[in-house]
Amino acid sequence: MIELKKTAKPQSLINNGDNWTKDLMIDFYQASVIDKTKQNKYNKPDIKQALIDETNEKCAYCESKVTHIYPGDIEHIIPKSLYPRLTFSWNNLTFGCFWCNNKKRDFLSKECMILNPYKDKINTHLRAFGPIILHINNSKRGEITWRQLELNRTELRDKRLEKIEELKNLIDKLNSENIPALKSLILNEINDFINRSEYSFTLKQFFEDNGSVTQTVSLDN
Ligand SMILES: [Zn+2]
């Protein structure tokens, strides 16, 4: 999980969000069953595209690039089933993979919230140890996050290992290069790879632990 920045609210939410919320809340208070078509109105191409753009096509929780194999889901950070008033709240929407969405579902622990990539400083709660992600500083929120979302599930660990191998090759190239201009270009490539690839959180930590101590990489998102 990496920190994300909310982008501009999409036009269809600006135009309709308040009315959609009003219609939904009338059903919530007056009808015995909520009309699904009213609840799912957030499913608009401009909303989904804005979320895909702001997450760099990655699941906001596990950082897998979901669009390669499956369209991905619009995810409600606070579950819409528990807080229907937040169904169309732009700050409550993100992009998630099928697996994280399923692990999270309607889970909400008010006294110990799952980390919010838009609000929380992730590296004060979680740290990558090779392909594994664990909580640090006794962070209960970090612990509930990796446990509830199963951020160390086997497929994720395997995929993170593959990316670490790619990064290792780049680090070897960097360390064996003596020409400063070329070294600088390789470092740019590493920076780009860490920021754009899946599992940036893991890769950034791996580079800090295994790259040259004089070089640092900053995450852009
Ligand atoms: Zn995921």
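The domain assignment divides the protein into domain 1 (11–109) and domain 2 (156–210). The model is predicted. The centres of the two domains, taken over C-alpha atoms, are separated by 34 Å. Contact between them involves six residues of domain 1 and nine residues of domain 2. The size of an interface is often given as the accessible area lost when the parts come together. Here, domain 1 and domain 2 bury about 560 Å² between them. Carbon and sulfur atoms account for 38% of that area. On the domain 1 side, Cys62, Glu63 and Lys65 lose the most area to domain 2. Together they make up 58% of what that side buries.

Helix H8 spans residues 200–210 and is in contact with both H6 and H7. Helix H6 covers residues 154–176. The axes of H6 and H8 come within 10 Å and cross at roughly 40 degrees. H6 contributes Arg160, Lys163, Ile164, Leu167, Lys168, Ile171 and Leu174 to the contact. H8 contributes Thr202, Leu203, Phe206, Phe207 and Asn210. By class, this contact has seven nonpolar, two polar and three charged residues.

Helix H7 (residues 180–196) also packs against H8. The axes of H7 and H8 come within 8 Å and cross at roughly 145 degrees. Leu187, Ile190, Phe193, Ile194 and Asn195 make the contact from H7. Ser200, Leu203, Lys204 and Phe207 make it from H8. Six nonpolar, two polar and one charged residues form this contact.

How values were computed. Residues are numbered from 1 along each chain as its sequence is written. This is a predicted model: local features need pLDDT of at least 70, side-chain atom pairs count only at pLDDT 80 or more; totals for chains, interfaces and linings use all residues. Side-chain values use heavy atoms; hydrogens and water are left out. Axes are lines fitted to C-alpha atoms, for helices over the stretch in contact, and angles run from 0 to 180 degrees between N-to-C directions. Helices (H or I, at least four residues) and strands (E, at least two) are DSSP runs, numbered from the N terminus. Contact means heavy atoms within 4.5 Å. Ala, Val, Leu, Ile, Met, Phe, Trp, Tyr, Cys and Pro count as nonpolar, Asp, Glu, Lys and Arg as charged, and the others, Gly among them, as polar. Domain bounds come from an automatic or database domain assignment. Buried area is the accessible area (1.4 Å probe) that two parts lose on being put together, summed over both.
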